[in-house]
Amino acid sequence: MSHPLEITNLVKRFGGLVATNDLSFHVEQGQSVGLIGPNGAGKTTVFAQIMGEHRQTSGTIKLYGKDIGNKTTPERIRLGVSRTYQVPRPFSDMTVLENIRVGQMSSSIWKMITTRPNHEREEEIAHSVGFAEADLHKTPGELSMGDLRKLEMARTIATGTSVMLLDEVFAGLTVAEIAQIATLIQKMRSDGMTFLIVSHDLKALEPLVDSLVAINYGSKIAEGSFAEVMGNASVRESYLGVV
Amino acid sequence: MTGIRWYHLALWIAFVAIMFVMPQLVSKGTLRIIIMANFLAIFAISWDVLSGRTGYISFGHPFLIGIGAYTSAILTKRFDVPLEVAMPIAVLMTMIGGIIVFLPALRIKGSYFALVTLAFMELIYQLVQVIRPDLTGGTRGMSGIKTITRGAVSNYYLSASLLIAIAFSMWLLMKTQLGIALSAIGMNEESVRGSGLSTTKLKLFAFLTSAFVAGIGGAFYVHYLGSIAPRALFDINFLFTIIVAALIGGASTIIGPIIGAFFLTFLLEFLRPYLPGAERYFIYGMVALLLYMYQPKGLIALMHTGWNKLTGAR
């Protein structure tokens, strides 16, 4: 069976800079893989290529065996891959439910006009990421950073995604919020969601991933279980600058 | 951005009722002013469906209105095409114009987009004067264009019905999920793409809808006036009156541009006896500025707060 996400020999050059250098890895069905590396290693660039925000210089990106390397971002999302951003990007004048509604909409304009929003599903998604009843009609301006992350995840879930890319989900969160988001990810894992997670917070990441891929200067430097990768000399060097 | 409520429909019925009895209440002179307000409201709605929602600020609306007006005027006057054929063709041509304005929106946004649309207006202003002046009437424009009906009262009813039909259908359309998606583009276009929606398709739809309304408005307008003058049509003052009407009424709503259009038209008429010259525009600018600074969401938001204070709701 083909993997939900498979990246082969991915290369991305920005002029003379090689941001992604012959990177290959895959994520298996229902698995959660952590993508780690020091600042500037090219983690976010990998995300941007998977989502089609940047076009790869060469290499292939496959979703469930299907090459998505030439598709537009909305097309990829409809095929089942979706991401959150390090800095949440909500629709500022809309309520939590309306934000989720945008994720849930059909891409056909005719259907947007003729179908009514599915309020039950919107509320179900909102509750599933941990929004209380009182939060549903708040606007993003009234939400905490942790809630904004939840909202990003809720809108992503609403698109019907089965492969979720999380970019620095724990950045800027309080300890309590980190615990909440971690619990949420665990719950979604047990429901069968496939994850690729970028995080600097390795302690928070450890219980959430089945394996790690470590990159530096766009190249893969290690791959394996959390303990294996953490014990790897070049990983330690890239993070700490010492052997 | 909520769904349809009973009081929405009540307000619509009240609006239609007031518009219906208006000729009994006011003089013919006032009626003629209201006709102009009706047309301004149609143009403001057209602008708002595009710019108020998606945030793609069009400075080129006179370009679209002009295509509608000129096409219908030329067809009826120069080629004796009947009105009922000329006007749909005019609307179609305006929608093609809408696609032309849409093309830069694929690549640029913000003030750059606004400037490009402004260039469209300047371009057509120059073009109608030099290309085939035998058709367009050149710098002097055209007069003696066929009118649809005669007299203040019937012209009033025609423009009012047109406004009500356009406003109500746009209101219904914007109450659907499409309205939310278009507003979402104005808030964060990247996130709309990130939600799996094609912003290209949505924007094209917004431009076509806006052009459709502008085309209808332009065609009816020229057959009401019976004349067309490029200097008055492709005029920055005309453009800003449309935009200010939408903004001080309340952008991203339907009733807002209508209120704004009536407010502006009557403000200018009210000032006319005191300040017959262009000084009126100074006062009008000040009023618009103050209102906008006090409540950027427009008169509609002010009225909402007022109503809530009256009824004691929070």
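This text walks through a predicted model of two protein chains, from overall form to single residues. Residues count from 1 along each chain as its sequence is written, and chains are lettered from A in the order in which they are written. Because the model is predicted, local features need pLDDT of at least 70 and side-chain atom pairs pLDDT 80 or more, while totals for chains, interfaces and linings use all residues; side-chain values use heavy atoms, with hydrogens and water left out.

Start with chain A. It holds ten helices and ten strands. Both are DSSP runs, numbered from the N terminus: helices are H or I with at least four residues, strands are E with at least two. The C-alpha atoms fill a box of roughly 55 × 40 × 35 Å along the principal axes. Does the chain A radius of gyration agree or disagree with that of a compact globule? It agrees: a compact globule of 243 residues would have a value near 18 Å, and chain A has 18 Å. The radius is taken over C-alpha atoms, and the globule rule is 2.2 Å times the number of residues to the power 0.38.

Next, look at the inside and the surface of chain A. Of its 243 residues, 52% count as buried. Buried means under 20% relative accessible area, exposed means over 50%, and partly exposed lies in between (1.4 Å probe, protein chains only). Chain A exposes about 10,400 Å², and carbon and sulfur atoms supply 51% of that area. Such areas come from the Shrake-Rupley method with a 1.4 Å probe; for residues, only the protein chains shown count as cover. Contacts (heavy atoms within 4.5 Å) link parts of the sequence. Among those in chain A between residues at least 6 apart, 65% join residues at least 24 apart.

Now bring in chain B. At the interface, 24 residues of chain B contact 27 residues of chain A. Together the two chains bury about 2,300 Å², 65% of it on carbon and sulfur atoms. Buried area is the accessible area (1.4 Å probe) that two parts lose on being put together, summed over both. How many salt bridges cross this interface? The rule finds zero. A salt bridge needs a side-chain nitrogen of Lys or Arg within 4 Å of a carboxyl oxygen of Asp or Glu.

Over all chains, the count is 13 salt bridges. One of them joins A:R121 to A:E124, with the closest N and O atoms 3.0 Å apart. Both residues sit in helix α5 (residues 119-128) of chain A, three residues apart, about one turn of the helix. A:R121 is partly exposed at 30%, and A:E124 is partly exposed at 48%. Another bridge pairs A:D210 with A:R189, at 2.8 Å. A:D210 lies in the loop between α8 (202-205) and β9 (211-216), and A:R189 in helix α7 (residues 175-190), so the pair ties together parts that are 21 residues apart in sequence. A:D210 is partly exposed at 33%, whereas A:R189 is buried at 17%. A:E53, A:R83 and A:D167 are linked in a network of salt bridges.

B:T265 is in helix α13 (residues 255-271). It counts as buried at 12% relative accessibility. Not counting residues up to four places away in sequence, B:T265 touches B:I33, B:M36, B:A37 and B:L40. B:M93 is in helix α4 (residues 83-105), and is partly exposed at 38%.
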